Amino acid sequence: MTETAAIELRGVNKSFGAVHANKDIDLLVKKGTIHGIIGENGAGKSTLMSILYGFYQADSGSIHVDGVEVKISDSRQAIGLGIGMVHQHFMLVESFTVLENVILGAEGGARLADGTQRAREELYRLEQDYELKVDPDAIVGELAVGLQQRVEILKALFRGAEILILDEPTGVLTPSEADHLFKILNVLKDQGKTVLLITHKLREIMAITDEVSVMRRGEMVATRKTADTSMSELAELMVGRSVLLEVEKTPAQPKQTVLDVQNLRVTDSRGVRVVKDVSLQVKAGEIVGIAGVSGNGQSELLETLAGIRKADHGIITLAGNTLDLTKVSPDPAEIRGMGLGHVPEDRHRMGLINSFSEYENAILGYHQSEQYSNGWLLDRSAIKQEARDAIEKYDIRPPNPDLKTANFSGGNQQKIVLAREIERDPEVLLVGQPTRGVDIGAIEFIHKRLIELRDQGKGILLVSVELDEIRSLADRIIVMFDGAIVGEREPGADETELGLLMAGVEGERA
Amino acid sequence: MFENFQTLILILDSTVRLSTPLLLACLAGLYSERSGIVDIGLEGKMLGAAFGAGAIAYLTGNAWLGLLGGIGVAILLALLHGYASITNRGNQIVSGVAINFLAIGLTALLGQSWFHQGGRTPPLPKGGRFQDIVLPGAEAVKDVPFLGPIYYELLSGHNILVYVAFAAVPLTWWVLFRTRFGLRLRAVGENPAAVDTAGISVILLRYRAVIICGILTGIAGSYLSIAQSSGFIKDMTAGKGYIALAALIFAKWKPVNAMFACLLFGFLDAIAIRLQGQALPLIGEVPVQFFQALPYILTVILLAGFIGKAIPPKASGVPYLKERT
């Protein structure tokens, strides 16, 4: 390990309007190391990396690459300086092939035919060197997420990246895919490349980085050698106070079955069977967790149970009422009326209307209830009063029901949705990705609230791609793969075993 | 039998003539929309170009200068659309509609104040109009049964812009799928952020697409005023820009499909003209309006999903915003 700096930032500032996203950031990344940057959502990590990649311009401060001060005013210059970036939301053209995506911007001639052969050979060499196997002629949109990410890494390497920035790379991966990614990153490091890993997951930092820098509210608060620090120290640095990493809960006291799903089959708009004969039960007073890599039917299962999607076949019994999901046209309101609450996976797409005020969002879907109406009109003062109560109870910040939800952080938005669904006192709560894009402080709160709800004797069906979350919250874990339930385990089950189940290779183990 | 064949050839011949402006405008829209800029202003650009070409061809007596003038006007309007929708990230539909209104009003106003003929340009002098080209050997094979009339009537005897339009189809295909520019153009219409992070300017790329759109609508408009007819007439595009847009959707944004869609719509138009005032056996007289409405009806049916899905470029109509606000 050499001691020269691959990247050095001095006094970098960046504001978006009134938001000071980066304040006087100093950062030194040593050549040939894996350097982690950790911080909560909204701490300014992504902004900082976007400045480094020329996507945004810093308001002030300087950037040095290999000891030379540089100006990076667009991505082309960043690429020229040997900086490559794998974005959290992939920058891929889904209708293109892998090869087309890789050569985009470096085609090697005005006619595509001029450069493709050379590009093919180069891709093959990169595949061999870095264990990055992908079929160059596959359509990117048809690839699994893990493979799409490899395409992103290949893109950067193809353009000669010496410094690779990865922004939250494991959010979409299975544990085994993540392990493979880390292997690749280590190979990259061994070949002298520098890796900057942006994440909010403490375990990843501990597992793979050499050094770690912590950001909090736009500031760089500390840099440590990974070997000299601990998860709890990092968590405290991130949040600014000590946090509980483990969820405290007593053993579940399951009672009668409140949700019974029989032989649910769902076909999506492409005509693909996405949920295959799923049967499951949720009892009052327990949390059933559905683990699985994203895209294995969990989303469709949730949406069907919530009445948003139509089933081909399937009967549910909800708090004593039986409903044939094929007979009814999907009607979320009817199912809600039977005692079901739904915290959708994607709060931006389904949970909130972000251009509406907080108090309006707080009654979405329940706006027909009599308590909010004043004859034909909405009773605004009643709605606002209730919104204020929820704001206080769920510690939603800023405590202003008139503010548009777009102006709340991810964690606070999630609390708004959660408050809306829980306060209706449902018998069964469907929860999808409750802590996606939510900061540690809010995660702690949300987890506690869900456990409380369980202890009040409600049934909770939890879908999450965060295996850690499932393991710490659920009383039973059901694993889904390719639309079917492939196994049920205790929360204490071995992580590798669950990982294998999630990857669909249960046969070899069981 | 022979008479029917002759009639068919004549209908097909006018199909080619009527499809030409549609095809040029449709390809123009294809470049623009493939880059992510929705262009409902094809109609206005064509109309502006038709006026520009008519006026300049009349004044100079030169069809080529007229064509250049037409293209110039269309490019200016295209740049206006670009400035509104690319640089200032405005609503592309609004900008396109505004351009259509601008063209309708401005051509009539300028036409009246310059030429005093109620908004039309005076008939073109000789040389101001593109003449039909007789392909080599057309006269010789004219009387050969079947193949003769096909070559003489259908393939030969069109003006240069017709051949330009049909040559633009394979050329567009090649540019789109075989060149670096085409790859980037398709990419920017699908995911501009991917193009941006690859170090390519989204703005420049989209401006280039919009300018190509201007050139092609310029040729389309010029065709109307200085090739198909001799001089500009008020509102002479008569909705062809919208039909071209319908054809583009019908063609699912693919160049070769676009040609067939435009030929189909041109064919319907040709039949409508042919059947004007004639009674069909069994059905009786069919109103011309029915055939005029057919392209739109077909497109609506298509959009309703009966003929398969038409999926536009993913980023079309969405202004590209790099920094969050």
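**View 1. A:Gly39 and its partner across the strands.** A:Gly39 faces A:Met215, which belongs to strand E9 of chain A. The two strands here, E3 (residues 34-39) and E9 of chain A, pair in the parallel sense over five bridges; pairing requires at least two DSSP bridges between two strands. Strands are DSSP runs (E) of at least two residues and helices are DSSP runs (H or I) of at least four, numbered from the N terminus. This is a predicted model, where local features need pLDDT of at least 70 and side-chain atom pairs pLDDT 80 or more, while totals for chains, interfaces and linings use all residues. Residues are numbered from 1 along each chain as its sequence is written, with chains lettered from A and ligands numbered from 1 in the order written.

**View 2. The hairpin of E9 and E10 in chain A.** Strand E10 (residues 219-225) runs antiparallel to E9, and six bridges join them. One of the facing pairs is A:Glu211 with A:Lys225. Two residues separate the strands of this hairpin, and A:Arg217 in the turn has a positive phi of about 45°. Strand E9 (residues 211-216) is largely enclosed by the rest of the structure because five of its six residues are buried (20 or more other C-beta atoms within 10 Å of a residue's own, with C-beta atoms placed from the backbone).

**View 3. Where the two domains of chain A meet.** Chain A splits into domain 1 (5-239) and domain 2 (257-509), with bounds from an automatic or database domain assignment. Eleven residues of domain 1 and 15 residues of domain 2 take part in the contact (C-beta atoms, placed from the backbone, within 7 Å).

Terms used
A residue is buried if 20 or more other C-beta atoms lie within 10 Å of its own, exposed if 12 or fewer, and partly exposed in between; C-beta atoms are placed from the backbone.
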